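Dear colleague,

Here is the structure for your files. Please look through it before reading my notes below.

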Amino acid sequence: MLQRTAVAAAVALTAAGSLLPLNAEDLVPRASGETSQNMTIAPGAFREGEVIVAFRDGVDEAEMERVLRSGRASGARRSRFGPRVLAQLEPGVSVAEAVDRFAAMPVVAWAEPNGLVWVEQATTFAPNDTFYRFQWNLKQVGAERTWGIQKGVSTVAVAVLDTGVAFEDYTDPRTGQVFRKAPDWGDTRFVPGYDFFNDDAHPNDDRNHGTHVASTIAEGTNNALGLAGLAFGCAIMPVKVLGANGVGTFFALADGIDYAITYTENGQRPVKVINLSLSSSGFNQTVKSAIDRAVAAGVLVVAAAGNNGASSVNFPADQANVVGVGALNAAKQKAWYSNTGPELDLVAPGGDCDRDDDGDGTGDCVYQQTLRSSSVQAGRYDDFGYFGLQGTSMATPHVSAAAALLFSQGFTDVASVRAALEKTAERLGGAPAGGRNDTFGYGLIQPAAALPGYGFNVGTKK
Amino acid sequence: MRALAAVALLLAAALPSAAGELAVEAQVGYFDMAAKDSARALFGSSSGATFGGAVRYTVWRGAFVSAGLRTFSKDGERVFLLSPGGAIQKLGFPVSVELQPVLLMAGYRLHDGQLIVPYAAIGAAITSYTETSTVAGESFDTDGSKTGFVGAAGVEFGRGLLRVGAEVGYSTVSGVVGLAGVSQIYGEDDIGGFHVVGKVALAFSLGGKPKPAKPQPKPAKPKP
């Protein structure tokens with residue numbers, strides 16, 4: 001059994017920057033709640049009790065009135081722009097009956113139902129979470145249109161291999177330590193995970209990193225509380241492979257990967273994506289073999305490129321079968337700390353807390369619920385807030401969440417999920433269509449463009 | 001070229017017959033798309049029912065021209081696949097395709113006026129293609145039209161007003177699809193295909209009544 005203090009070959013956590021509390025007093029909740037715009041008007045629909053009657057030229061007012069009365073109109077509104085009226089029908093008179101009656105009159109040019117027109121607007125979903133407007137990161141990846149298509153299903157789980165997740169109320173019988181479930185999980189389902197650091201089935205967070213990362217994926221959304229997660233309908237499997245100091249071992253990491261891919265529920269493997277918001281400077285065959293098994297088992301592995309500002313991508317994000325993720329700031333520029341290189345596949349919002357490119361009066365961190373850092377340092381794991389972090393650790397769960405949404409939609413194949421995200425990513429930095437560069441990889445993920453897949457002769461839309 | 005040769009052979013072997021016959025046909029049958037892999041990925045199959053009609057006019061002996069319209073549609077769901085051999089992942093968003101070929105053909109009817117009339121024809125297939133799909137309120141529609149080739153052969157039964165018949169044929173119309181979507185992945189750009197239809201025809205004579213055969217002079221009786 002590994003002890004917290006017995007850390008061998010170190011896996012350095014990539015989370016950078018300090019925790020920046022999102023001060024509730026400074027924030028203004030959204031005035032409106034759910035603003036999903038879903039037009040469901042049947043073709044040919046029309047207003048009951050109304051008929052448009054167009055008269056022939058030269059018909060005078062008196063004749064119009066006579067026609068309307070004989071057509072059983074109880075009232076009418078005349079257009080200012082031509083000899084046409086909107087006839088209000090007497091109760092009990094059907095539109096079809098009235099159309100036939102008016103159309104048969106010699107002075108009537110035509111009569112027809114007052115059909116409906118509507119905006120051609122794609123369905124979007126804007127959640128009512130209190131501080132949602134500070135989540136520039138979700139807007140950057142087109143979250144509202146994405147949610148209009150897919151919010152995630154709870155049978156698809158993302159394994160978050162990290163410092164643990166504040167997912168349960170639990171008192172450790174060995175230490176008496178109290179852990180609390182973070183308050184803004186909403187209906188998010190947790191698949192049983194494991195703590196490979198303490199060798200028990202309670203992978204609670206004793207830092208704040210894992211809870212933040214998991215919240216980017218599936219924080220309770222549209223629950224009028226706090227912040228939103230990109231794949232809030234999906235499940236989270238918390239797997240603790242990093243300690244309170246943000247460091248873990250390759251051995252624990254490999255075990256965590258194998259645990260995630262072998263866990264079954266009702267004969268099914270719920271974990272479709274493994275999120276690794278962690279990196280190391282060195283290669284490790286044990287971890288590499290575990291990743292190979294994961295990919296072979298149909299699980300997409302997504303990892304952080306690293307926060308060294310270097311021109312090479314850290315392990316394991318540098319592996320060909322791992323999606324290596326770099327970070328952007330709110331201006332869609334490469335974040336200053338984000339590693340680059342030929343192994344970089346995609347970029348996503350990682351934040352830059354020292355900038356305010358979106359002009360909302362707060363630094364452009366990635367904000368999510370997590371443990372209060374000062375309380376954690378005092379040994380308390382029951383004090384939560386909405387805090388900002390920056391790093392490729394924060395970018396990575398955006399990609400994991402997007403992948404989980406694709407699996408939720410019906411994608412079944414790891415290579416397809418990866419290809420769909422890469423094909424539809426917003427090219428940045430002059431990358432050619434269909435191509436990549438070392439700074440941004442294939443570009444910024446746009447899951448709403450990937451979700452629709454292909455028609456017969458219609459591809460994905462950018 | 002083979003079709004042309006076949007028609008030339010038929011013309012050469014034809015018996016003389018009357019011009020001026022107009023026939024109106026209703027057709028129902030089966031159509032199998034040339035873009036089979038794309039169709040199977042989206043719709044589960046590449047074939048289905050087709051309906052249509054045509055007007056045929058016999059211009060000289062058994063030679064005729066015809067103009068017809070058929071319609072064929074398939075409904076399915078959008079998919080994702082990585083490569084032609086890759087897993088087809090159904091995504092649940094509806095997609096519909098409709099093909100409407102206008103078939104302008106010229107051909108020859110063997111033994112016109114007989115009880116059983118075989119025929120063959122070739123011509124142009126002016127085919128319109130419409131694809132509609134909506135994903136959460138957003139339309140993914142496209143359409144287009146191209147002219148290709150069609151060849152058909154069939155047989156017609158009956159010699160009166162009412163005829164019945166059957167026809168098989170193949171059309172090829174390139175360039176409308178294959179530009180995006182699954183048809184691009186499979187490299188299929190043809191919206192033509194194989195058809196077999198049954199038909200009912202009403203035939204009218206527009207004045208070209210066959211002339212009665214000239215009576216042969218009786219051989220003179222030998223004088224006693």
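Predicted model: local features only at pLDDT ≥ 70, side-chain atom pairs only at ≥ 80, totals over all residues.

Residues are numbered from 1 along each chain as its sequence is written, and chains are lettered from A and ligands numbered from 1 in the order in which they are written.

Chain A has 11 helices and 18 strands; these are DSSP runs numbered from the N terminus, with H or I of at least four residues for helices and E of at least two for strands. Of the 462 residues in chain A, 53% are buried, meaning that 20 or more other C-beta atoms, placed from the backbone, lie within 10 Å of the residue's own. Among contacts (C-beta atoms, placed from the backbone, within 7 Å) in chain A between residues at least 6 apart in sequence, 73% join residues at least 24 apart.

An open sheet of seven strands in chain A runs in the order β10-β11-β7-β13-β14-β15-β16, with parallel pairing (strands pair if DSSP finds at least two bridges between them). β10 (194-195) and β16 (346-349) of chain A are at the edges with a single partner strand each, so one side of each has no neighbour in the sheet. The pairing of β15 (residues 323-328) with β16(A) is parallel and has four bridges; A:L328 has A:P349 in β16(A) as its bridge partner.

Two helices pack on this sheet. Helix α5 (residues 209-218) of chain A touches β7 (157-162), β11 (235-240) and β13 (271-276), and its direction makes about 160° with that of β7(A). α10(A) touches β14 (300-304), β15 and β16, at about 45° to β14(A). Axes are lines fitted to C-alpha atoms, for helices over the stretch in contact, and angles run from 0 to 180 degrees between N-to-C directions.

The largest nonpolar core has 153 residues, and A:A403 and A:A404 are among those with the most contacts inside it. Such a core is a set of buried Ala, Val, Leu, Ile, Met, Phe, Trp, Tyr and Cys residues joined through C-beta atoms within 7 Å. Helix α9 (residues 392-409) of chain A gives the largest share, 10 residues.

As for the interface, 24 residues of chain A are in contact with 31 residues of chain B. On the chain A side, α10(A) gives the largest share, four residues.

Regards

Methods:
Buried ≥ 20, exposed ≤ 12 C-beta atoms within 10 Å, placed from the backbone.
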